[in-house]
Amino acid sequence: MNERDAVLFVVDDDAAMRRSLAYLFDAAGWRVQSFASAHDFLDHYDGHVPGCLVLDVRMPLMSGLRLQQTLRERGNHLPVIFLTGHGDLAMAVQAMKTGACDFLEKPCKDQVLLDAVTRAVQRSIEDSRVNAQTRTAETALATLTAREREVAELMAAGKPSKIIARELAISDKTVQVHRHNTMEKLGVHSAAEIAQLLMAAKAGHPGTH
Amino acid sequence: MIFLRPLCRLGAVLLGAFLFVLLPASDAHAGTPVRIGVLAYKGAEAVQEDWSHVRNWLTDAIPDHRFILLDFDQAGLTRAVHDQSIDFVITSSGHYVALEHSDGASRIATIASPWALSPAQSIGSAIVVRNEDARLQALTDLAGKHVLAVAPDAFGGFQIAARDVRQAGIDPEQDFAQLEFSGFPLQNMVHAVRAGRADAAIIRTCMLEQMISNGEIDASALRVLAPIAVQGFRCQTSSRLYPDWPIAALRHTPAQLSKQVAIALLRMPATAQGYSWAVAADYQVVDTLFRELKIGPYAYLRQWTFEGLLRLYWGWLLLILAVLVIWAVHTVRVEYLVSRRTRDLRTAQEQQRLMAEQARVHQSTLDHTARLAILGEMASAIAHELNQPLAAIGNFARGMARRIAADRLEPAPLLDGASEIVTQSERAASIIRSIRTFAQKTASEQKSVDLITVLEQAITLFSGAHPHAQVSWQPGAVPATVMADPLQIQQVMLNLLKNALDAQQAAGRVHEPIEVQFRIDASSYCISVRDCGCGLAPEQFTRLFEPFFTTKPEGLGLGLSLSKGIIESLGGTLAAAANDDNAGLTVWFSLPKEEFPGAV
């Protein structure tokens, strides 16, 4: 997955603004999809395509801030670049708190906008990659039994079998069996790899660690 | 001495009344009393002396009647005739004619005097002057002299002479230095002239001769002025002659008695002095004299002269004059007031015109201020709206530059960008144009405008500035012309739309449409703007059109009050009401159709 696969989503109620942004991004080599309203975008976006959202703050029906909030509530972290004709500081602060990537005042230098877009897309791609690893790790971890999960956690902590057997109050032989099964199920060959898997699974939930 | 006359008259009346009471009592021995009133021209005693033989003759001649002589002055005698307190009257010819006119006295005999051949030419006026007074030769010489006469109504003692003096060319009432009426007895006047207290005295003819023969006066001392010789007349006269005194019966005197008296008198022998009675003479000449002098029964003629009228009616004339003067003053005053009022009115009209002109200029300035205020309130929206095409242009241009820099020279996208730039620049220009038109300071100019077009322009401007606002507007394709300044109507419309949008924003219903409706009434067009905003509290409603009343934090509070002023100046009305469903407000205004100016 790279920048070629990313899509810039332009949402602006002003058709001319929408078209001109699309034209500029297209000229800069980006794939662009534009929408006249936040609802149109939400109806269309599946939540998996990486890229970034370029939003007009003031739009009728649903404002840019409201759209951003809606995306976050859906667990989507698509980066958002706000464009505003008003330079409203309070609005900018709120947008950044909610996780906006950038807040640009129209009209802005194209390079500034394009740099912001590039940064956002890279972040999105990174997020996507992390998300993919997390999903793989979670899937693998989900195949483990409860005892095997306990053994995997202790292995990731770098503890030898004897210690694990003592902590779990089971025989050393039984630990050896769980250890073998766990590595088999997770398709790993070392305790370090197990540790990486567990971390990746936790990385998908940034608010929890 | 004029003032003495009423006293003399009073004395005579009293004397007459005294005799009237006393005589019948003293002579109560025989018959019905018959009273003869006699003009006492020589005094009361002379009457009994001169006329007693007549009384005795009649008493003797007519049985069963007792004749009584009563003396009067002329006024007293007139009254006695009028009161019917006497049965016969012996008086001067002049007085008789007057009585004939006033009380129907009817002469039955005329005195025949010894000095006159004919009783019809027996009495005249003698104007007595001092013999040595050489100034007085003709009647005209009396002008400027002090003249005595008996009384204005004395026949021989004034009236006869007056006629002849007047005919000679002198007005006896005006041309004498003094005309003094000294009353009876006449002898006094003669003595007065003799003594030089007066220049001349008018007395009846033969009076002077009698006085001379009686020895009362020296014949050489006096003479008669301008004597006229009349054949058969033995006295000197200054005038023509008239009939002698008559005896007349009165209306109430029994005819039989009159006849008896007349016969008795005609049969009476001449007296020792030579007096007798003759058949009644013709007194027409006396009547002519009266007519000529406008006296006696013809006194009324005198009243018809201007002077007479003036004397008689001076009060009324004065009143009429006063009324005329008041009327004239009133007319002049009314004229003056009217002209002043007219001037005031014209001044007031001029002032009103000036004030209206000032108000118009003021209103125009205010309108302009209001439009700028509206623009000010819309400034951020306008800035945003202008920003959009400018930002779009920038994006297209940069996009094109990038394509060219990257050597991506496919013509279609480049052309696409260029045409987009053109479109957006036109869009920006049109926004600027409409703002400038709206903000320009032009004198308010009323002309025939199509209301629909003007409203559409306002809605376009509004929608341009507020792209997220929804304005629902479906005018019919009808011509709707009004006399108005299109800018003013746009101002009102923008104001109403702005208010509607603000209200909806405050209520969080920006996306809902603002309904603009257009209705055609009989004589006007009605435009309503309906919002579904926050509406107004009742206390806000009452102040809605007050200047500087606003519910908006950034509002000036001038919009609606100015809008109302504008619409009313165009002959229309502007009003507001809460919507029936209690959500929001509807503001509407009407404008008279061009063909019905001021008809709303």
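A disulfide is a pair of cysteine sulfur atoms within 2.5 Å of each other. In this predicted model, B:Cys206 and B:Cys235 form such a link, with their sulfur atoms 1.9 Å apart. A search of the whole structure finds one disulfide over all chains. The briefing also covers an open sheet of five strands in chain B.

**The disulfide and the cysteines**

- The link of B:Cys206 and B:Cys235 is right-handed, with 110° about the S-S bond.
- The pair joins distant parts of the chain, 29 residues apart: B:Cys206 lies in the loop between strand 8 and helix 7 (207-214) of chain B, and B:Cys235 lies in the loop between strand 9 and strand 10 (246-249) of chain B.
- B:Cys206 is buried, with a relative accessible area of 1%, and B:Cys235 is buried, with a value of 9%.
- B:Cys526 is buried at 6% relative accessible area, and B:Cys532 is buried at 12%.

**The open sheet**

- The strands of chain B follow the order 7-6-8-5-9, and their pairing is mixed.
- Strand 7 (178-181) and strand 9 (222-224) of chain B each have a single partner strand, so one side of each is left without a neighbour in the sheet.
- From one strand to the next, the twist averages 25°.
- Strand 6 (residues 146-149) and strand 7 of chain B pair in the parallel sense over four bridges; B:Gln178 in strand 7 is the bridge partner of B:His146.

**Helices across the sheet**

- Helix 5 (residues 155-168) of chain B lies across strands 5, 6, 7 and 8 of chain B, at about 115° to strand 8.
- Helix 6 (residues 187-195) of chain B lies across strands 5, 6, 8 and 9 of chain B, at about 155° to strand 8.

Definitions and conventions. Residues numbered from 1 in each chain as written. Chains lettered and ligands numbered in written order. Predicted model: local features only at pLDDT ≥ 70, side-chain atom pairs only at ≥ 80, totals over all residues. Heavy atoms only, no water. Pairing = 2+ DSSP bridges. Helix = DSSP H or I, 4+ residues; strand = E, 2+ residues; numbered from the N terminus. Axes fitted to C-alpha atoms, helices over the stretch in contact; angles between N-to-C directions. Contact = heavy atoms within 4.5 Å. Buried < 20%, exposed > 50% of the residue type's maximum accessible area, 1.4 Å probe, protein only.
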